[in-house]
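Please look over the sequence and the structure below before reading the briefing.

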Amino acid sequence: MISFLNKFLKRKKKIILIGIDGVPFTLLKDLIERGKLPFLGKKFKEGIFKEIYSPLPEISSVSWSTFMTGKNPGEHGIFGFTDVSNGYNLFFPNFASLRAEPIWEHLQEKDKKSVIINLPSTYPARRINGVLISGFVAVDLNRAVFPQNLLPYLNSIGYKVDVDNSLGKKNIEEFLKDLFDVLEKRFIVAKKLVKDINWDFFMLTITGSDRLHHFLFKNFLDENSPYHEEFIRYYKKIDDYISDFLMGIKNDYLLLMMSDHGFTEVRKEVFVNNILFENGFLKFKSHENRSFEGIDFSKTTAFALDPGRIYLNLRGRFERGKVDGREREKIVSDIKELFYKLNFEGEKIIKNIFEKEEIYEGSFLSVAPDIILQSEDGFDLKASFREIEIFADTHFQGMHTRENAFFYGDSEFEDLLINVKEVKDVGNLILDYFEV
Amino acid sequence: MEGFTLWFTGMSGAGKSTLARMVEKELLERGLKVEVLDGDIVRTNLSKGLGFSKEDRDENIRRIGFVCQLLSRNGVVAIAAAISPYREIRDENRRKIGRFVEVYVKCSVDKLIERDVKGLYKKALSGEIKNFTGISDPYEEPLNPEIVVDTEKETPEESFKKIITTLEKMGYIPPLEMDDYSEEEEEKIKNKLESLGYL
Ligand SMILES: Nc1ncnc2c1ncn2[C@@H]1O[C@H](COP(=O)(O)OP(=O)(O)OP(=O)(O)O)[C@@H](O)[C@H]1O
Ligand SMILES: [Mg+2]
């Protein structure tokens with residue numbers, strides 16, 4: 001079927017994918033309708049522009065890992081920015097923990113070259129046929145780049161993996177300056193590599209959008225807010241840069257664009273471990289030390305990791321596992337009941353509760369969280385211990401959503417594009433397109 | 001490294017011995033101490049003389065469990081590959097051993113009859129062998145095993161990979177390419193995640 005298309009449509013051979021982290025479909029649609037994004041507005045008329053949804057939990061590391069492997073978390077093994085060993089050590093899964101092959105490693109078997117710029121969860125960088133510049137959570141640029149001979153160039157232009165997010169709380173003006181600066185550098189590098197490298201698959205990810213949303217999403221919604229104009233200007237810049245970037249490239253590629261999850265306004269943070277504690281599922285060794293390390297695992301039935309991943313303290317899965325396989329069903333149903341009943345001044349907090357078997361499959365099912373909570377818009381789930389109440393106000397203005405991510409693809413291959421319903425499908429679309 | 005017990009359970013011909021040997025080889029190559037207790041071999045020494053009644057089967061599994069316990073607490077990875085059809089005795093071993101990973105080697109009876117690696121199913125079906133698990137004797141599936149391999153659908157290589165990666169992920173064996181962060185790097189990651197509200 002695909003080679004048929006290939007012959008008869010004289011198919012373009014390459015793919016450019018622009019990822020924009022955390023951009024809601026409805027936000028782009030709105031900005032386009034208001035005439036704020038002239039280039040994308042025109043472009044999106046030429047193809048399929050639609051809403052897709054992300055895997056759960058709806059955070060970047062999980063979603064981009066799902067995209068880049070075309071597999072679900074049960075198969076690729078990334079369930080969050082944090083994970084827990086059987087001895088209750090928290091660790092930070094990274095690219096080395098990814099247990100399925102990323103797209104470009106399939107492509108290189110067919111001698112196809114890839115350039116990957118700023119894709120989250122690809123740190124530390126490893127060998128690639130082409131170029132890989134890792135994205136969030138890269139700690140050291142020296143280990144975020146393959147091949148290494150690109151380093152002097154990146155350093156010379158002041159390329160940075162991420163904006164300084166600590167500014168988001170301290171100094172919004174500086175934060176915005178950093179945001180625009182990082183965006184500019186990102187495109188400078190993209191423009192260079194798109195010319196220097198003879199690529200087949202080229203991917204650039206913009207992550208500043210996600211940061212902008214975390215700290216300033218309410219400024220988008222409220223036109224009278226102090227940073228409304230700056231918010232819109234950031235998107236105008238993205239529009240300009242993409243236009244300028246694509247202008248210089250011979251049109252022999254399929255253009256795709258996507259985000260990894262949606263975004264919405266946050267109203268309250270909801271502290272999942274505090275709920276488990278207050279209902280007797282989680283115990284601390286002492287009340288002075290309410291932290292993950294302070295959990296008394298010999299007495300704890302369930303605990304949570306960010307955002308709403310609940311782990312039963314199962315025998316076999318954990319060193320001091322307390323829950324027997326036979327008790328599992330009962331505890332799961334108790335926890336589900338507890339969270340479904342949870343409300344804030346009468347308003348429901350939890351939209352969906354999934355047991356791992358319902359949303360994951362693969363070798364890593366046994367180490368997946370047992371229960372995954374999906375909250376209603378506005379209620380941001382947290383596993384942190386920094387608050388002792390269940391609900392708290394926050395300086396953050398935005399939170400992720402599973403629904404309302406976006407996808408765009410040039411229309412020539414409608415048959416392929418029409419099947420894209422979720423983030424995972426985009427990875428598989430690329431593999432199909434290159435017939436690997 | 002701390003030892004643990006990797007316990008394969010499943011019907012005859014499901015693939016316990018095959019997978020136990022593959023895992024043994026891999027762990028030895030990674031420099032770990034490994035011992036395999038295969039049902040077939042155990043029955044010729046440790047459990048010599050025991051038959052296939054429920055009592056004898058339980059006694060056999062209890063003995064294997066005991067040896068696994070001794071090995072595990074001395075830093076050895078003990079791998080048991082025995083049908084172990086009864087849940088209660090497997091769970092008893094689990095309780096005693098603590099660091100215990102149960103692998104359910106799953107395969108339908110129809111498929112096992114077709115495979116009939118040792119020609120035993122033919123004999124069981126004709127009545128020549130009595131008390132044969134899956135034919136004329138019960139097999140109780142694990143309720144919550146750490147790992148399930150479906151050998152009807154997976155190749156041995158796939159099942160093997162699944163076991164190894166899960167052991168890595170659960171922290172029982174060190175992952176091969178896991179990029180361990182230094183304390184300083186870990187601190188940086190924490191700060192980055194914290195500033196976005198993830199910790
Ligand atoms: N995914 C798989 N894993 C393991 N073995 C498989 C798989 N798929 C097919 N097989 C085949 O199934 C057979 C399993 O035989 P094996 O001797 O390992 O079974 P067993 O469970 O040890 O049986 P017994 O209890 O009688 O000792 C082998 O021939 C093996 O090649
Ligand atoms: Mg055997």
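Predicted model: local features only at pLDDT ≥ 70, side-chain atom pairs only at ≥ 80, totals over all residues.

Residues are numbered from 1 along each chain as its sequence is written, chains are lettered from A and ligands numbered from 1 in the order in which they are written, and side-chain values use heavy atoms, with hydrogens and water left out.

**The sheet in chain A**

- Chain A has an open sheet of eight strands in the order E2-E21-E9-E1-E8-E5-E6-E7, with mixed pairing; two strands pair if DSSP finds at least two bridges between them, and strands (E, at least two residues) and helices (H or I, at least four) are DSSP runs numbered from the N terminus.
- Strand E2 (47-52) and strand E7 (145-146) of chain A stand at the edges with a single partner strand each, so one side of each has no neighbour in the sheet.
- Strand E1 (residues 14-20) and strand E8 (residues 201-206) of chain A run parallel and are joined by six bridges, and Ile20(A) has Ile206(A) as its bridge partner in E8(A).
- Helix H9 (residues 172-196) of chain A lies across strand E5 (114-119), strand E6 (130-134) and E8 of chain A, running at about 175 degrees to E8(A); axes are lines fitted to C-alpha atoms, for helices over the stretch in contact (heavy atoms within 4.5 Å), and angles run from 0 to 180 degrees between N-to-C directions.

**Salt bridges**

- Over all chains the count comes to 48 salt bridges, each being a side-chain nitrogen of Lys or Arg within 4 Å of a carboxyl oxygen of Asp or Glu.
- In chain A, Glu376(A) and Lys348(A) meet in a salt bridge at 3.0 Å, N to O; Glu376(A) lies in the loop between strand E17 (371-375) and strand E18 (379-382) and Lys348(A) in strand E15 (residues 347-348), so the pair ties together parts 28 residues apart in sequence.
- In chain B, the closest N and O atoms of Glu2(B) and Arg99(B) are 3.7 Å apart in a salt bridge; Glu2(B) is partly exposed at 48% relative accessibility, whereas Arg99(B) is buried at 13% (buried means under 20% relative accessible area, exposed over 50%, partly exposed in between, with a 1.4 Å probe and protein chains only).
- A network of salt bridges links Glu59(B), Arg62(B), Arg63(B), Glu92(B) and Lys96(B).
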